[in-house]
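The sequence and model are shown first.

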Amino acid sequence: MPKTLAVVSLKGGVGKTTTCTNLAAYVAAMGVPTLLVDLDVQNGVRFGVGLDTYTGPTLEDVLLHGRRPEEALVPTNRTELAVVLSGRFSDDGALEAYERAFERDVTWLARLLPHLATKDFVPQLVLLDTPAGLGNVTTGAIVAADALILPVQCEPLSLRTLPPMLRRVLHIKAQYNPRLSIEGILLTMYDERQSAAADIVRQAREAFPNGLVFDTVIPRHEELAVSFAVGTPAVTLKTRAAGAQAYIQLGREVIMRLPEDGGDATPG
Ligand SMILES: Nc1ncnc2c1ncn2[C@@H]1O[C@H](COP(=O)(O)OP(=O)(O)OP(=O)(O)O)[C@@H](O)[C@H]1O
Ligand SMILES: [Mg+2]
């Protein structure tokens, strides 16, 4: 079975999608078959990995229009990386129907994930990009995940949203997904020019000891925003500036924690 990591946060704009696209691109480049699933109707992944012009089936089509799950797998120019996009949501009410489907059945995604594979592509790592907040779509992702990556922007408000978030996560875990664990709290957009940033790193490590906070801290670096805007994850650029280097380091932390058996997906 693949390992499924959901990237979730209560606060928006903290780097979830940037983390998903860079982590997926790096881990795949290291030879680990990786599936990136965009659950967010904002479609950030579509732009972040340069699939703006893709018109084929999406999660919306699987959920609402009876397409087979494997039809929604979009291969990329990296053989080990496949993507599933959330949808186009062009029909009236499509957004609402998408959200309602997750509300109706919080385990839908968990049951769907094993079917997002083909005979040529069986993921070893699945990354779920989620919308900000703890709505039904994100709840579905938490129910489907083995572990969570919790990005926290290095500023006070973002850190304060962590305890209520963790309480809700514990509730979902108890109700639906007892095997769920925390992969790590990821400190993002660290800006050394802001005096509060170092305090946030210290406070997070004090409040959540025992390796719960990733060693890697993601700096605020323009290259991450620019590469996102042009649809190429920064980790794949030759320049490899500080932001990309940090995501490479994070990728190594994540690969180290993959199951030893290499995620053998043989049924049974
Ligand atoms: N480390 C970083 N340095 C500089 N810019 C960043 C960094 N991480 C993300 N950004 C930029 O900040 C914005 C928000 O990032 P991103 O979309 O990854 O956050 P998000 O948590 O997915 O947002 P949302 O909650 O809306 O889905 C984007 O414009 C992105 O390019
Ligand atoms: Mg996002």
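A residue is called buried if 20 or more other C-beta atoms, placed from the backbone, lie within 10 Å of its own, exposed at 12 or fewer, and partly exposed in between. The model is predicted: local features need pLDDT of at least 70, side-chain atom pairs count only at pLDDT 80 or more, and totals for chains, interfaces and linings use all residues. Residues are numbered from 1 along each chain as its sequence is written. Helices (H or I, at least four residues) and strands (E, at least two) are DSSP runs, numbered from the N terminus.

**Burial of α6**
- V137, T138, T139, G140, A141, I142, V143 and A144 are buried in α6.
- Because eight of its nine residues are buried, α6 is largely enclosed by the rest of the structure.
- Those buried residues pack (C-beta atoms within 7 Å) against elements including β1 (3-7), β5 (125-129) and β6 (147-153).

**α4 against α6**
- The axes of α4 (residues 94-104) and α6 (residues 136-144), lines fitted to C-alpha atoms over the stretch in contact, come within 8 Å and cross at roughly 45°.
- E99, F102 and E103 in α4 meet N136, V137 and G140 in α6.

**Strand β1**
- Four of the five residues of β1 are buried, so β1 is largely enclosed by the rest of the structure.
- β1 pairs (at least two DSSP bridges) with β5 in the parallel sense over five bridges, and L5 stands opposite L127 in β5.
- β1 and β6 run parallel, joined by three bridges, with L5 opposite A147 in β6.

Terms used:
Chains are lettered from A and ligands numbered from 1 in the order in which they are written. Axes are lines fitted to C-alpha atoms, for helices over the stretch in contact, and angles run from 0 to 180 degrees between N-to-C directions. Two residues are in contact if their C-beta atoms, placed from the backbone, lie within 7 Å.
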